[in-house]
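Dear colleague,

Please find below the structure I promised to hand over. My notes on it follow directly after.

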Amino acid sequence: MYSIFKKELRSYFTSPTAYVMIGLFVLISSIIFYINLVTPTADYGMNLNYMSLILILIIPILTMKILAEERRSGTEVLLITSPTSLTSIVIGKYLAAFAVFLVMTVITFIYPLILSVYGKPAVAEIVGGYVGFILLGSAFIAFGLFASSLTESQIIAAIVSIVGLLLMWLLQGIGPGLGGIWSKIFSWFSLFSRTEDFYSGILSLGPIVYYLSFSAIFVFLTIRVIEKRRWSKG
Amino acid sequence: MFLKMRGNNIGGKIMIEIQNLTKSFGQIKAVNDISFTVEKGEILGFLGPNGAGKSTTMNIITGFMPSTEGTVKVCGYDIMENPKEVKKRIGYLPEQPPLYMDMTVTEYLRFVADLKDVNKKQTKNQISDVMELVKLVDVSGRLIKNLSKGYKQRVGLAQALLGNPEVLVLDEPTVGLDPKQIIEIRKLIKALGKQHTIILSSHILPEVSAVCEKVVIINKGKIAAIDTPENLSKGMGTVSKLSATIAGPKSSITSAIQAIYGIKLVEAHIEKEKDIVEYVIESDKDIDIRRPLFFAMAKAGYPIIELKSLDLSLEDIFLQLTMQEKEVK
């Protein structure tokens, strides 16, 4: 697992991908932070909320090539015929993308620091908010990883995960209006609404378990997709 | 331990055992009920036209894809039950070498060594040994995408050798190389055969007869023949053919040859110069008529200008075997 993690992380930082994405993320979230600063309601939770919307674009681009490219270039054969298990290959890749995400998140710690220079920010809300933000991001990565396992084409992988994440964002607005079983099903996928507790500084077990199991399920599905393809064809 | 030692004593130890292997892709059977074994230290040539099922078989042996039916055992471990133990013992060079274009040769080999769980202390030595062996030292710092096809192939081979696996599976290792590189790679494979058990696939016949001790000919997913290259050339047909160019009058030479014991057919083939004719002579397979022919001609006073055996080449056999299949269908 560590060998895959190392290789994947290096490939992020030897190509422009990671730098461009981190740069873009920091740029946009800085603009959001500035806008948020000049408006009268300075609530950091809102800041994080907008940042998580940018993730809908950033994360799929980080994860799009993670499995699709291995398949296209034929290096998948090397990984699968090595003694390293498929599970640790997939988890290694997941963790590498997560590490890049963590780097960009840590850079944004600078905003609360700036706040603390000029006033007394609500520490509990900010810490809780970041926990939620990181959990949300990890769920996005799992979904992006899954999308990347479905195809040989990076572009298709990116589109699938962007559309998927966008739908999950939209569904939470539609769900409650529908009522009955549909509202229940849609609420399973409403990744965003579950961050509310965190943004108000509450670390409740429910949402934490939800995000962790969302990630686990999509990592598991990714492994299944690769297994399934091995069985059905070359 | 005791069992293992006993296993070693019984002749050649069987390294790869394939039984009734079948692989279906939907309706199509890419590999259809094939069985063979490879002994320790053997170089087995896996020969067949394109699309015969060579790559599929190799992908199953190496654990890249599961079989539909049948078993594959490597060093006694079943690929379905114990994939990790099997994968540890196989170095695989697929048809398209699995290379990361953005890595340098050293970076790539270090990653593969990591992936194969090579002992950290040995990694450095092993990589430099392997690079020495396949002659990659000069390009060790270059990005793989900038290497020529021949070098890429060698990087692929180096990758297979890391971890010092007992079995090497090489899928068309010389395809797309120039003649000089082909000869080098063949030499290398022959040298590797001293310490490894090798399965090598190819659709090029001279390659197989140059490198391999045993040949499996596969066509349309089925085994058409298994034997040594020599036995295959000898074993086919019921007659052996000679071509003899002899100076002298055609009719009297023909009758003189026909008088020799064991001759089945004499045919004047081409008149090469005036009164020098090439004859094709067929005789019973188990009789060598070259000596009697010489003495008969010498006695009659007709000098033999040229004499050569027209035994079937591996190419003829290959065509014969793969054509037969067609006729059956």
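The largest nonpolar core of this predicted model has 125 residues; a nonpolar core is a set of buried Ala, Val, Leu, Ile, Met, Phe, Trp, Tyr and Cys residues joined through C-beta atoms within 7 Å. A residue is buried if 20 or more other C-beta atoms, placed from the backbone, lie within 10 Å of its own, exposed if 12 or fewer, and partly exposed in between. Among the residues with the most contacts inside this core are A:Ala97, A:Leu145 and B:Leu200. Its largest share, eleven residues, comes from helix α8 (residues 123–149) of chain A; helices are DSSP runs of H or I with at least four residues, strands runs of E with at least two, numbered from the N terminus. Domain 1 (1–89 + 166–231) and domain 2 (98–164) of chain B both contribute residues, so the core lies between them; the bounds come from an automatic or database domain assignment.

Between the chains, the contact takes 18 residues from chain A and 23 residues from chain B, where contact requires C-beta atoms, placed from the backbone, within 7 Å. On the side of chain A, α1(A) gives the most, with four residues.

B:Lys135, which is not a glycine, has a positive phi of about 60° and sits in the loop between α5 (120–133) and α6 (149–161) of chain B.

Residues are numbered from 1 along each chain as its sequence is written, with chains lettered from A and ligands numbered from 1 in the order in which they are written. As this is a predicted model, local features need pLDDT of at least 70 and side-chain atom pairs count only at pLDDT 80 or more, while totals for chains, interfaces and linings use all residues.

With kind regards

Technical notes: Two residues are in contact if their C-beta atoms, placed from the backbone, lie within 7 Å.
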